[in-house]
Amino acid sequence: MIYFEIPNFMIKRIYIVEEDSKLVYKKLVDNNLVSLTEDELNEVNKYLKRNRSSKYYSEKLNTIIASNPDINCYGDYLKSFLEYIESFIPPQAVDTFYQNLQTLKLELNLDVINEPITDYSIAERRDAAYYDIENNVLTIDKDNIKQYQKIAQKAKNPQEFFWQNFNHDLMHELFHVASSKQFDNHFICGFDYRPATHSYEENRGLTEGFTEILACYAVPIENEFACAYYIEELIINQLMVVIGPEVMLDSYFNNSGIKNMAEKLCEFDPDFEAALNLFELIEVNFNLDKDSPSNVLAQIEITILYYFEEKIEKDILNGVSKDDILKSIEDYKRFLVTRDILNIRQENTRKYDGIEGVLKNFYQFESDVRERLESRKV
Ligand SMILES: [Zn+2]
């Protein structure tokens with residue numbers, strides 16, 4: 001006989017029996033199964049339906065939020081961010097996130113919103129928002145909030161503009177919280193490992209760019225191109241068309257560095273050292289002076305383009321459909337660095353020697369592939 005018990009319920013045991021091909025609840029009275037009263041049935045239904053809301057969440061996350069007053073005081077507002085991030089993390093890496101959340105301190109400085117904008121002098125712009133791994137503190141800078149309020153005044157919908165940018169920054173830092181840990185005097189954030197023994201362990205540019213991609217995915221902003229890590233975002237998106245997002249998400253949240261990604265690139269060219277060098281160049285480019293000429297970015301783009309061409313070659317040989325191949329090419333094209341992008345960002349274009357050459361190579365490759373696909377017998 002099928003039965004279940006409800007803690008502290010007026011009936012000891014509820015039985016489920018089939019009557020006229022339908023399942024009904026019964027109770028045992030003097031060794032006979034009898035129907036429940038209306039009140040009893042209501043209680044049973046209430047108990048069985050207690051979790052039926054449109055919200056799905058992890059109990060673990062709920063418990064942590066409830067135990068950390070710094071997070072709990074923001075209630076559902078912050079919870080929705082944390083649930084979103086949790087859904088991205090591979091199961092074997094999620095403990096880092098939970099552990100950091102347990103003791104996370106938040107300095108969101110939202111009280112500054114009520115101060116008049118004009119009374120607030122914005123100091124030399126510091127880091128707008130940051131996460132301090134050592135002390136597990138997430139800060140959104142007061143100046144940053146005031147800056148957003150000021151720019152928002154010119155927007156069509158100032159409230160929406162402000163919260164979009166604030167939430168975006170908060171999401172970026174929360175992704176750092178989810179992907180950072182420290183041990184043995186080492187600080188690991190995403191793909192970045194400090195202090196490093198090998199140069200390929202330092203991947204701050206890659207980490208910031210990828211974090212920003214995740215934050216933009218979660219909270220899109222209108223002026224994404226103005227973001228400090230936009231060039232890194234473009235490079236990483238190119239890379240993701242080649243190796244896919246899974247290996248990147250896995251390496252980022254598991255803090256396993258860039259080796260798995262380099263190995264993935266070896267599917268298209270087996271030179272492992274060359275793949276490591278690509279990541280080193282991405283880091284070099286990230287640290288370069290913004291005004292000094294360099295062709296490092298062009299070299300990075302040419303290298304990723306080379307892997308992309310090898311991937312497409314492989315796809316063609318493996319009989320991947322024309323539509324899918326052309327879709328990859330269109331995806332890739334969206335992420336190329338162009339002069340227009342540099343101009344919008346008001347960047348010193350001398351810094352990016354050689355990017356025209358990359359574009360030329362790309363368009364030549366695209367037209368070759370299209371021609372081959374046209375002439376391919378279907
Ligand atoms: Zn960051």
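Reply: Helices here are DSSP runs of H or I with at least four residues, strands are runs of E with at least two, and both are numbered from the N terminus. The model is predicted: local features need pLDDT of at least 70, side-chain atom pairs count only at pLDDT 80 or more, and totals for chains, interfaces and linings use all residues. Residue numbers start from 1 along each chain as its sequence is written.

A residue is buried if 20 or more other C-beta atoms lie within 10 Å of its own, exposed if 12 or fewer, and partly exposed in between, with C-beta atoms placed from the backbone. A nonpolar core is a set of buried Ala, Val, Leu, Ile, Met, Phe, Trp, Tyr and Cys residues joined through C-beta atoms within 7 Å. The largest such core has 64 residues, and Ala178 and Ile235 have the most contacts inside it. Helix α9, residues 230-243, gives the largest share, 10 residues.

Of the 14 residues of α9, 13 are buried. Gly244 follows α9 and has a positive phi, near 85°.

Leaving aside residues up to four places away in sequence, Ala178 touches Ile85, Ile89, Phe97 and Phe253; contact means backbone-placed C-beta atoms within 7 Å.

Phe253 leads on to a loop. Asn255 is in the loop between α10 (245-253) and α11 (259-265). Asn255 is not a glycine, yet its phi is positive, about 50°. Asn255 counts as partly exposed because 18 other C-beta atoms lie within 10 Å.

Conventions
Contact = placed C-beta atoms within 7 Å.
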